[in-house]
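Hi everyone, thanks for coming.

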Amino acid sequence: MKENIYHLIDEQRDTLLEMADFIHDNPEYDGEEVQASALLTDYLKKNGFEVQLGLGSWPTAFRAVWHHGQGGPRIGLLCEYDALPGMGHACAHHLQGPSIGGAAVALKNAGIGENFSIVVYGTPAEETRSAKVSLQSEGFFSDIDVALMMHGGPDTCVDIKSMALTNYTVVFKGISAHAALAPEKGRSALDALLLSFQGVEFMREHVRDDVRMHYTVSQLPGPVNVVPDHAVGSFSLRSYSTEVLAEVCKRFEQLIHGAAMMADVTCEITQTKALMGKIPALRLNELVMENAKACNAPGLAPAREKTGSTDFGNIMHQLPGCCIRVKFVPAGTSSHSQTFVECGKNEDAHLAILAGAKTLAGTAMDIITVPDLLQEIRADFEAGRARV
């Protein structure tokens with residue numbers, strides 16, 4: 001049966017690769033992925049899926065559904081298609097939609113006898129505003145039992161976890177004055193920002209080893225001879241534990257208020273992004289890697305222990321999920337790099353699309369056809385939640 005699914009994916013090869021190359025050559029960003037979402041939804045419509053373009057507050061998000069019978073496993077296939085502002089497809093999101101579309105169409109046409117549903121979600125703006133977070137809060141993703149994704153990378157592997165993340169913009173407001181003639185009349189917003197940076201450095205000694213804290217000046221404070229009355233900083237806090245990060249964020253906000261008090265200025269703290277860490281789904285990871293091996297995916301490697309942050313973490317905080325990373329660049333290559341862009345249309349990238357589709361379609365077929373496998377995956381996920 002899986003050989004049939006592989007054949008059905010290979011039959012789509014030319015169209016899938018053309019779509020990926022088009023998305024690569026026409027990068028779109030931050031919820032403006034009009035061409036990419038239209039291309040992918042048109043393909044799914046032509047292949048018999050019921051498509052809704054525009055979900056919640058995201059015009060370029062989509063949901064495509066196909067049911068076989070009543071009930072059965074509800075397979076979620078998620079894809080991204082946004083690029084990095086200023087860099088193009090330096091994270092290889094252009095590979096995802098075609099790979100997911102190929103898997104979905106092959107599953108639909110595979111002649112599987114059991115009841116099941118395929119639900120494809122197109123999720124924009126992962127690199128910027130993390131659409132999955134707001135889509136989830138608006139009620140989406142509650143119609144799937146597992147969430148599967150594909151991503152290009154330097155190795156073919158899965159992730160054990162991801163880092164929870166909270167981003168802040170902090171604005172300090174003081175009183176402007178001539179720095180030489182009347183310094184006593186000024187209250188420096190920049191002093192407060194610099195104090196907050198120093199406070200983060202002192203705090204760094206007293207957090208768990210996996211906590212990461214980053215900061216930068218977001219706006220230049222102005223001429224040297226004027227006490228700055230306005231200063232803006234951006235802060236990013238991370239931990240592999242969503243719960244640990246919540247405590248770190250509480251301490252950070254107290255730190256900001258303290259810096260404002262020391263400089264005798266006011267502060268405004270705005271949380272701009274909040275991503276959860278993944279709950280490990282180890283049984284599902286194992287199943288995905290078995291299917292990667294079965295379809296001869298290139299560059300098989302152990303699961304990644306050290307990872308960044310993703311809005312997929314919010315989905316995986318609620319239900320079992322897995323993203324297969326498929327090799328298409330040399331081992332050790334960093335994502336968000338020019339190498340990702342330069343390799344985005346080469347033969348290895350094209351093979352990654354097909355290998356990702358075969359891996360996920362094979363995984364979905366196992367979940368649909370093997371008795372009690374979905375229950376086993378759910379039980380393992382709940383055990384992982386308890387450990388976290």
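What you see is a predicted model, so local features need pLDDT of at least 70 and side-chain atom pairs count only at pLDDT 80 or more, while totals for chains, interfaces and linings use all residues. Residues are numbered from 1 along each chain as its sequence is written, and side-chain values use heavy atoms, with hydrogens and water left out.

Okay, strand 3 first. Gly76 is found there. Is Gly76 buried or exposed? Its relative accessibility is 0%, so Gly76 counts as buried. Buried here means under 20% relative accessible area, exposed means over 50%, and partly exposed is in between, with a 1.4 Å probe and protein chains only. If we skip neighbours within four places in sequence, Gly76 is in contact with Val119, Ile144, Val146, Ala147 and Leu148; contact means heavy atoms within 4.5 Å. Gly76 and Val65 are eleven residues apart along the chain, and their C-alpha atoms are separated by 9.5 Å.

Now on to strand 4, which covers residues 116–122. Seven of its seven residues are buried, so strand 4 is largely enclosed by the rest of the structure. Both faces are covered: one side has Phe116, Ile118, Val120 and Gly122, and the other has Ser117, Val119 and Tyr121.

Which strands pair with strand 4? Two strands pair if DSSP finds at least two bridges between them. Strand 2, residues 58–68, runs antiparallel to strand 4 and is joined to it by seven bridges. Strand 3, residues 74–79, runs parallel to strand 4, with six bridges. To put residues on that: Trp66 stands opposite Ile118, and Leu77 has Val120 as its bridge partner. Strand 3, helix 4 (residues 96–108) and strand 4 also make a right-handed β-α-β unit. Right-handed means that, with the strands pointing away from the viewer, the path from the first strand over the helix to the second runs clockwise.

Next, the rings. Rings of Phe, Tyr and Trp (its six-membered ring) pair if their centres lie within 6.5 Å; planes under 30 degrees apart count as stacked, over 60 as edge-to-face and the rest as tilted. By that rule there are ten aromatic pairs. One of them is Tyr121 with Phe140, edge-to-face, at 6.4 Å centre to centre and 75° between the planes. Tyr121 lies in strand 4 and Phe140 in the loop between helix 5 (131–137) and strand 5 (146–153), so this pair ties together parts that are 19 residues apart in sequence. Both Tyr121 and Phe140 are buried. Elsewhere, Tyr168, Phe197, Tyr215, Phe235 and Phe252 form one aromatic cluster.

Ser196 is in helix 6, residues 189–204. It counts as buried because its relative accessibility is 0%. Its side chain reaches the backbone oxygen of Leu193 at 2.5 Å.

Another serine, Ser236, is in strand 10, residues 230–239. At 12% relative accessibility, Ser236 counts as buried. The side chains of Ser236 and Asn167 are joined by a polar contact of 2.7 Å. A polar contact is a pair of N or O atoms within 3.5 Å; within protein, one must be able to donate a hydrogen and the other to accept it, and residues adjacent in sequence count only if both atoms are side-chain atoms.

Last stop: two loop residues. His336 has a phi near 60°, a positive value in a residue other than glycine. It lies in the loop between strand 12 (321–327) and helix 10 (338–342), and at 38% relative accessibility it counts as partly exposed. Asp372 is not a glycine either, and it has a positive phi of about 70°. Its loop runs between helix 11 (347–369) and helix 12 (373–387). How accessible is Asp372? At 56% relative accessibility, Asp372 counts as exposed.

Key: Helix = DSSP H or I, 4+ residues; strand = E, 2+ residues; numbered from the N terminus.
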